[in-house]
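Subject: Structure handover

Hi,

Here is the structure I promised to pass on. My notes follow below it.

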Amino acid sequence: LLLFFSRRVGLDDSGNQIPLHGGARLTGRAGGFGVGAMTVQSKESDGRPGSNFTVLRLRRDLFKNSDIGAILTSRQSARNGHDYNRVGGVDANFRFFRNFSINSFFAKSATPGAKGDQDTARMSVGWEDSNKRLGYSFLTIGDGFKDDLGFVRRTGVRRQFFDSAFHFRPQWWRSHGIRDLEPHARRFLYKDPAGTLVSSTIHAGNQWTWNTGTTFEVAVEPRSEAITAPFQLRKDVRAILPGRYDWTQTLVVLETDHSRKLSGSFRGTFGGFWDGTQRSIQTAATFRPTYRLLFDLGLQVNDITLETPAADFTTTLVNLRAGYAFSTRMFLDSLLQYRNDVHQFSANVRLQLIHRPLSDFFIVYNEQQFTDVNQPAGRGVVVKYTHMLAF
């Protein structure tokens, strides 16, 4: 849950682009408060009236490492005074003894015609030091909560999160090249307001860290999912039917030291998957010939088998990243990507110039091409300029 997610501005509920007239943003500090404000006005498009998007944020530091704050977000239709969505919230974050933290927030939405509980709240406590990490959080989101400027994965749910990890550094292991042993466990538990299970994921494993910087992890992940409506993993595969599904998957992760000239990573997930099985791998190799230049080649393959009725499919994603730093103020980055399941090739090239601290100039080129001739291609160029005014 994010009460404010800037990328929602300029997009409708279906993800389609909304043309904008323009906007303004202000951030800074005044009288001991951190202040943030933004307003953007969209154009009328396809018979849909324009809207104003406004965000106000205020934060006050307390003691040495604590703070309290408030936020207000608003979307208001330019034509209809009864077409709006507003969210107001407060938050408090306290840190004691350098290791103990308490974080909380409460927010409420107001949307004409919305039914159900429009509140959301979160409370978390945690302790973390060099030898252990312990944490617990509780999040509730009402079934009527709506946030047009935020990011909400699901409503009408209560989520609990349990987290624990311990670090062991015995001298015998260190003499054999192992720097740290980290047994850990965590759980995400989702229930609906009536207390019925919606989703549960448990992760229990151990991570080894070598003196060379390489890490290796093996974990077991029991999962449970209860769905009330059918859904499709992809358009050409039969739907997963309503019901409860329980399965267990094994996770294997290997990461070498990314500070070296040549490094790599591997992530594999094997075992159950809904009513079938999965074999998923994600691997990447990074090459840094100089401190200015970087190449990153990645491959992701998912081999899925479903049981009743039988269905098999494989998806492949290939990507190549390249980056070059002309200086500490000028960077060129590019991403080339191909997905076989949608027959899509995409490219993103971005030039960034930091013309002064916290002020940037971007030129971004995007292109999409489909090997399926029935799909339209697309390309575009975006120019963005930011300038910080200090006063």
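Asp148 and Arg75 are both buried. They form a salt bridge, with the closest N and O atoms 2.6 Å apart. The pair links distant parts of the chain. Asp148 sits in the loop between β8 and β9 (157-166), Arg75 in strand β4 (residues 66-77), and 73 residues separate them. Please keep in mind that this is a predicted model.

A search of the whole structure finds 22 salt bridges. Asp61 and Arg29 make one of them, at 3.5 Å between the closest N and O atoms. Asp61 lies in strand β3 and Arg29 in strand β1 (residues 20-30), so this bridge ties together parts 32 residues apart in sequence. Asp61 is partly exposed, at 37% relative accessible area. Arg29 counts as exposed, at 52%.

Arg169 and Asp180 also meet through their side chains, in a salt bridge of 3.3 Å, N to O. Arg169 is in the loop between β9 and α1 (171-175), and Asp180 is in strand β10 (residues 178-191), so the pair ties together parts 11 residues apart in sequence. Arg169 is partly exposed because its relative accessibility is 37%. Asp180 counts as buried because its value is 7%.

There is also a network. Salt bridges with shared partners join Arg75, Asp83, Lys146 and Asp148. As background, side chains of opposite charge can pair when their charged atoms come close.

**Nonpolar cores**

Which residues touch the most other members of the largest nonpolar core? They are Leu3, Val9, Met38, Val55, Val87, Ile141 and Phe145, out of 17 residues in that core. The elements that give two or more residues to this core are β2 (33-42), β3 (51-62), β6 (100-110) and β8 (132-141). A second, separate core has 11 residues, including Ile227, Ile240, Tyr245 and Trp274.

Not counting residues up to four places away in sequence, Leu3 touches Ile71, Thr73, Val87, Ala107, Phe145, Asp147, Leu149 and Gly150. In general, nonpolar side chains tend to be buried together in soluble globular proteins.

Thr39 lies in strand β2. Thr39 is partly exposed, with 33% relative accessible area. The Thr39 side chain makes a polar contact with the side chain of Asn52, at 3.0 Å. Another polar contact joins the side chains of Thr39 and Thr54, at 3.3 Å. Leaving aside neighbours within four places in sequence, Thr39 is in contact with Gly22, Gly23, Ala24, Asn52, Phe53 and Thr54. Thr39 and Ser77 are 38 residues apart in sequence, and their C-alpha atoms are 13 Å apart.

Ser42 is in strand β2 too. Is Ser42 buried or exposed? Ser42 is buried, because its relative accessible area is 4% and the cut-off for buried is under 20%. A polar atom of the Ser42 side chain lies 2.8 Å from the backbone nitrogen of Ser51. Beyond residues up to four places away in sequence, Ser42 touches Ile18, Pro19, Leu20, His21, Gly50, Ser51 and Phe53.

**The nonpolar surface patch**

Leu297, Leu299, Val318, Leu320, Leu336, Tyr338 and Phe345 form a nonpolar patch on the surface. Together they have about 530 Å² of accessible area. The elements that give two or more residues to the patch are β16 (293-306), β17 (311-325) and β18 (330-339).

Val318 lies in β17. Val318 counts as partly exposed, at 34% relative accessibility. Leaving aside neighbours within four places in sequence, Asn319 is in contact with Asp296, Leu297, Gly298, Leu335, Leu336 and Gln337.

**Leu353**

Leu353 is found in strand β19 (residues 344-356). Leu353 is partly exposed, at 33% relative accessible area. Not counting residues up to four places away in sequence, Leu353 touches Arg329, Met330, Ser359, Asp360 and Phe361.

Best wishes

Technical notes:
Residues numbered from 1 in each chain as written. Predicted model: local features only at pLDDT ≥ 70, side-chain atom pairs only at ≥ 80, totals over all residues. Heavy atoms only, no water. Patch = residues over 30% accessible without salt bridge, like charges linked within 9 Å, V, L, I, M, F, W, Y side chains within 5 Å. Areas by Shrake-Rupley, 256 points an atom, 1.4 Å probe, with all protein chains shown as cover. Salt bridge = Lys/Arg side-chain N within 4 Å of Asp/Glu carboxyl O. Helix = DSSP H or I, 4+ residues; strand = E, 2+ residues; numbered from the N terminus. Buried < 20%, exposed > 50% of the residue type's maximum accessible area, 1.4 Å probe, protein only. Contact = heavy atoms within 4.5 Å. Core = buried A, V, L, I, M, F, W, Y, C linked by side-chain atoms within 4.5 Å. Polar contact = N/O pair within 3.5 Å; in protein donor to acceptor, adjacent residues only side chain to side chain.
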